[in-house]
Amino acid sequence: MEQYIYLLMSDYTLQIITLGTAMLGALCGMLGSFAVLRKQSLLGDAIAHASLPGIAIVFLVLGVKNNNGLLLGALLSGLVSAVFIKGIISKTHLKSDTALGVVLSTFFGFGMLLLTYIQKSPNANQSGLEKYLFGQAATLLAEDVWLMSMITGVALFVVLLFWKEFKMVLFDVDFTKTLGFHVKFIDTLMTSFIVIAIVMGLQTVGVVLMSAMLLAPAAAARQWTHSLSKMVFLAGIFGGVSGVLGTAISASANNLSTGPVIVLIATFFVMISFVFSPTRGLLFRQIKLWKNRNDLKLMKTLLFMYNLAKDHENISHPHKILLLNNFQGYTRKSLKRLESEELIQLNKDDWALTQKGFNTAENLYTNQ
Amino acid sequence: MTNAQLEIQVILVLVAVACALPGVFLVLRKMALISDAISHSILPGIVIGFFITQDLASPWLILMATLTGVLTVVLVEYIQKTGLVKEDTAIGLVFPSLFSLGVILIARNAGDVHLDLDAVLLGEVAFAPFNRWMYGGIDLGPKSLWMIGTILGVSILLLLLFYKELKIATFDTGLAASLGFAPVGIHYGLMTISSVTTVGAFDAIGAILVVAFMIVPAACVYLLTTNLKKMLVWSSLVGVFSSIVGYWVAHVLDASIAGTIATLLGLLFFVVYLFAPNKGYISQWYRTKQQKTEVAMLVFMLHLANHQEEENERNIDHLQEHINWTKQRAKKVLKLANQNNMIAINSRIINLTPKGLSFTQQAVTYISENKNSELEGIKNDFFLFRG
């Protein structure tokens with residue numbers, strides 16, 4: 001660890017890569033929140049795969065080898081695929097999953113065809129696909145990070161500018177329409193920025209893992225809050241931290257590519273959030289279930305006591321605890337608890353209802 | 001055509017049919033993306049299997065990878081059931097993390113595992129004829145041919161045995177459950193078959209393009225027919241056709257075979273998407289346009305019926321300003337109404353004919369009551385409600 005921090009302070013390349021992955025994580029987390037809330041989680045996966053032909057065309061047909069040129073190709077190809085997906089969903093009875101699957105696989109296949117055809121090598125292994133498929137964070141340059149920060153800045157600006165519109169489209173499209181907002185424009189804007197985020201990530205984490213970069217921070221953030229602004233902020237933080245930690249781990253071990261490590265860390269955040277989130281988490285839910293079950297048992301005991309006591313003139317007439325044996329829903333502990341809530345009084349082997357306990361039990365049925 | 005070429009084509013055809021059959025059910029059950037998830041997340045299973053056997057075509061590897069595929073489905077469904085995230089997010093969370101595990105497993109053991117990631121993701125059927133199955137000195141043909149052949153045989157057998165159950169469970173889970181067909185069992189059976197097929201197909205066409213082989217034929221055919229038997233047969237044929245044609249196109253272009261077949265499938269889908277009768281883009285577009293005009297005509301006739309007393313409201317020259325239509329639209333609507341004998345134009349004043357009047361009244365009753373029971377009868381009377 002200390003060694004890594006020392007390395008981080010001294011190694012310029014590592015600084016650049018760390019900054020780049022952090023920026024990418026934050027950008028993806030922020031925009032991913034919108035994708036997750038619009039139920040378009042897998043759109044990212046499809047677009048990432050579908051950007052291959054764009055890259056192939058720019059790289060191999062037009063002969064551009066400049067990184068930004070490739071990104072532009074990927075962007076155009078991704079946007080075209082998004083249009084196709086929307087077209088299939090809106091014009092036919094095919095569902096969104098089929099539309100995504102069709103576009104994802106055929107675009108990717110076309111990209112492979114282009115790459116292998118132009119390189120005249122039927123063996124796809126040699127066509128340099130590896131970098132694109134799995135990403136190579138190590139190839140990040142200072143100018144890439146600059147581009148990334150610029151895009152993050154623009155995205156942040158647009159998100160803030162159209163915050164209200166985005167929010168409304170997310171939660172109530174019809175209402176937004178009736179208010180006279182141009183839903184199609186907002187929709188296109190949002191999708192475009194998601195495509196941009198995906199394209200930015202291709203170089204770092206690759207096609208296959210891009211969808212997780214987009215989804216995982218947002219899915220984790222969703223568990224902690226019900227407010228959109230907090231969710232977007234948290235998702236940005238989760239994404240950024242995953243980027244930094246992932247780079248750190250892969251830099252301090254041999255043979256660990258950065259992309260998969262970042263994804264695993266982001267997934268780890270998701271698991272933690274699923275289990276430990278205070279309002280939605282699985283652990284909390286289980287505890288609540290147990291608590292409710294206990295409460296129910298306690299009330300059953302109390303009701304039984306009430307049925308015994310109401311036949312007596314004095315409701316606080318003591319009864320033997322042994323009497324409760326007929327009814328199995330009590331333990332020492334539950335009696336103690338009833339006593340601590342002042343619903344009964346315990347006296348050696350006897351118990352007696354208090355006035356409060358009597359009233360509570362009497363109202364159990366009516367107060368539902 | 002050499003022997004190797006023939007073998008490659010036979011393998012491709014078998015893969016295409018083996019993928020198309022479960023693909024139909026995946027598309028119908030709206031689970032197309034599960035195949036995408038499975039195809040990625042079998043990677044750790046393949047890596048561990050390869051560790052043990054050092055052979056991509058060994059049954060142990062297939063078993064391990066299939067188990068990972070089924071595990072993916074189980075995980076996705078578990079996450080969906082918690083309700084913490086939407087369904088598609090669950091898929092998007094599970095498969096990248098399993099895939100990452102696979103990548104890391106390979107990278108950490110690069111010394112021991114001579115497994116190329118590209119080989120898993122992209123496949124290469126051209127190499128299939130080199131890995132042959134020798135038994136006692138006799139050449140029995142390529143191993144992958146036997147493997148995918150067996151998988152296809154088993155899935156056809158299962159399909160024939162459980163056709164009725166699959167059909168009911170696909171279209172009406174509740175009915176299947178009440179008839180005692182155990183839809184959950186059928187569901188996991190289908191998932192297992194999909195996983196096995198993906199595993200069997202990956203070294204020929206690559207994990208990513210398995211999705212194309214599964215989903216695209218079924219999606220194409222679904223736009224053309226809604227008969228399950230026809231869908232199964234035709235999507236297999238679409239797969240076979242694209243495989244053989246794709247192979248030769250790839251041969252001529254000297255490009256990736258799987259990539260070419262996927263491209264061909266994509267083109268096929270695009271053509272069907274545009275031209276499919278009733279469900280294609282063009283026929284949808286035409287119908288929407290038609291319906292717009294018909295609705296406009298109805299609105300126009302309601303306007304006429306409302307203003308039977310006032311002649312100036314019915315003057316042909318004032319139409320535009322009263323109903324606020326463009327000139328072209330107004331002309332079209334007027335023509336349609338006139339052709340159907342709904343209106344009569346008398347010295348530039350438009351009158352409803354008796355037919356038009358009864359049509360309008362019927363439409364008003366229909367709109368105001370709009371009960372399903374009446375829908376059937378009115379469909380025949382009104383060309384408006386056809387289709």
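## Where the two chains meet

Let's start with the contact between the chains of this predicted model. Chain B contributes 59 residues to the contact, and chain A contributes 56 residues. On chain B, several helices each supply at least two residues of the side that touches chain A: α2 (32-41), α5 (87-108), α6 (117-122), α11 (207-222), α13 (257-275) and α14 (281-306). The largest share of that side comes from α5(B), with 13 residues.

What kinds of residue make up the side of chain B that touches chain A? There are 36 nonpolar residues, together with 13 polar and 10 charged ones.

## The layout of chain A

Chain A is split into two domains, with domain 1 covering 2-278 and domain 2 covering 283-363. Between the C-alpha centres of these two domains of chain A there are 58 Å.

## A covered helix in chain A

Helix α6 of chain A runs over residues 96-119. Of its 24 residues, 22 are buried, so α6(A) is mostly covered, a residue being buried if 20 or more other C-beta atoms lie within 10 Å of its own. Its length can be checked too: at 1.5 Å a residue, the 24 residues of α6(A) should span 34 Å, and the end C-alpha atoms are 34 Å apart, which agrees.

## Two loop residues in chain B with positive phi

K30(B) sits in the loop between α1 (3-28) and α2 of chain B. Its phi is positive, about 60°, although K30(B) is not a glycine.

D254(B) counts as exposed because it has 12 other C-beta atoms within 10 Å, and the limit for exposed is 12 or fewer.

## A phenylalanine in helix α12

Where in chain B is F241(B) found? F241(B) belongs to helix α12, which spans residues 228-253 of chain B. With 16 other C-beta atoms within 10 Å, F241(B) is partly exposed. Follow the chain onward to L265(B), and you have moved 24 residues along the sequence from F241(B). In space, the C-alpha atoms of F241(B) and L265(B) are 9.4 Å apart.

Terms used
Residues are numbered from 1 along each chain as its sequence is written. Chains are lettered from A and ligands numbered from 1 in the order in which they are written. This is a predicted model: local features need pLDDT of at least 70, side-chain atom pairs count only at pLDDT 80 or more; totals for chains, interfaces and linings use all residues. Helices (H or I, at least four residues) and strands (E, at least two) are DSSP runs, numbered from the N terminus. Domain bounds come from an automatic or database domain assignment. Two residues are in contact if their C-beta atoms, placed from the backbone, lie within 7 Å. Ala, Val, Leu, Ile, Met, Phe, Trp, Tyr, Cys and Pro count as nonpolar, Asp, Glu, Lys and Arg as charged, and the others, Gly among them, as polar. The expected span of a helix is 1.5 Å times one less than its number of residues.
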